[in-house]
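Have it open beside you as you read.

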Amino acid sequence: MDHRIEAAVGHSVDTLWDQGDRSLLDEPRARLTDAHRALAAAETSVTFYRVLLHRLASGEFPVDTALFERIDRTVNQLAEAATARDQQHTTVLAALEPVEAAARAAAPAGATDLPAQDVAALLAIAQGAKLHEHLLTQRLSVVTASGTRVGYEQLQRLERGGLVVRDASYPVHAGQPVALTDTGRSALAGTRRPPAVTEPVPKAGAWPTAARSRH
């Protein structure tokens, strides 16, 4: 849900939460922020019981009646948490619809005609991105916080369209920050349904972090 919300509001979910904490949001965005916070909490609950179930089945505990009872209880708790999460997801969708409608109404003409690959690139860049030069091949590419890479030619096309800007005061080998312009944010907000952005695959055996879950 985060990418779709960020496309509608024109900035990151973290910024949206911060604005909510400071009471800077209008009523539709405040309602969306509250619903998204509840969704994040519900997802955290799902993750907790899933990790607990993994631990119970890991071989750490003796296989006896007490373990079976704990596993059975945890499975039920996980199912309840998933149901609550799905219900909250529906609440977020309902709160998001008027915000997306307002964003489409305010979008400049032609913003919804962006190619799908450019929309995906803008969504990835909105999370934070830097242009890097490979030390061995000298090839340039944009590396985003989500792990998605944007080719240099595509970056140049987005720059020519006034959708992104990079900070050339930093050396390329260290990484030049790339960010959306106001035009880029407006164009992104005008897209009707952002395409899926491929997330990096977690390493085998990785445990969920304590950071806020993204949906």
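1. Let's begin with Gln176. Leaving aside neighbours within four places in sequence, Gln176 is in contact (heavy atoms within 4.5 Å) with Ala129, Lys130, Leu131, Arg166, Asp167, Ala168, Tyr170 and Pro171. Gln176 sits in strand β5 and is buried, at a relative accessible area of 6%. Buried here means under 20% relative accessible area, exposed over 50%, and partly exposed in between, with a 1.4 Å probe and protein chains only.

2. A word on the source. This is a predicted model, in which local features need pLDDT of at least 70 and side-chain atom pairs count only at pLDDT 80 or more, while totals for chains, interfaces and linings use all residues. Residues are numbered from 1 along each chain as its sequence is written, and side-chain values use heavy atoms, with hydrogens and water left out.

3. Next, the sheet. Five strands form an open sheet in the order β3-β2-β1-β5-β4, with antiparallel pairing. Strands (E, at least two residues) and helices (H or I, at least four) are DSSP runs numbered from the N terminus, and two strands pair if DSSP finds at least two bridges between them. The edges are β3 (149-151) and β4 (164-166), each pairing on one side only. Antiparallel β4 and β5 share three bridges; Val164 has Leu180 in β5 as its bridge partner.

4. Which residues touch the most other members of the largest nonpolar core? They are Leu122, Ile125, Val142, Leu158, Val164, Val178 and Leu188, out of 18 residues in that core. A nonpolar core is a set of buried Ala, Val, Leu, Ile, Met, Phe, Trp, Tyr and Cys residues joined through side-chain atoms within 4.5 Å. The largest share, five residues, comes from α5. Apart from this core lies another of 16 residues, among them Val13, Leu16, Trp17 and Leu32.

5. Finally, look at the two helices α5 and α6. They pack at an angle of about 90°, with axes 11 Å apart, and are therefore roughly perpendicular to each other; that label covers 65 to 115 degrees, with under 35 roughly parallel, over 145 roughly antiparallel and the rest oblique. Axes are lines fitted to C-alpha atoms, for helices over the stretch in contact, and angles run from 0 to 180 degrees between N-to-C directions. Gln117, Asp118, Ala121, Leu122 and Ile125 in α5 meet Gln154, Arg157 and Leu158 in α6.
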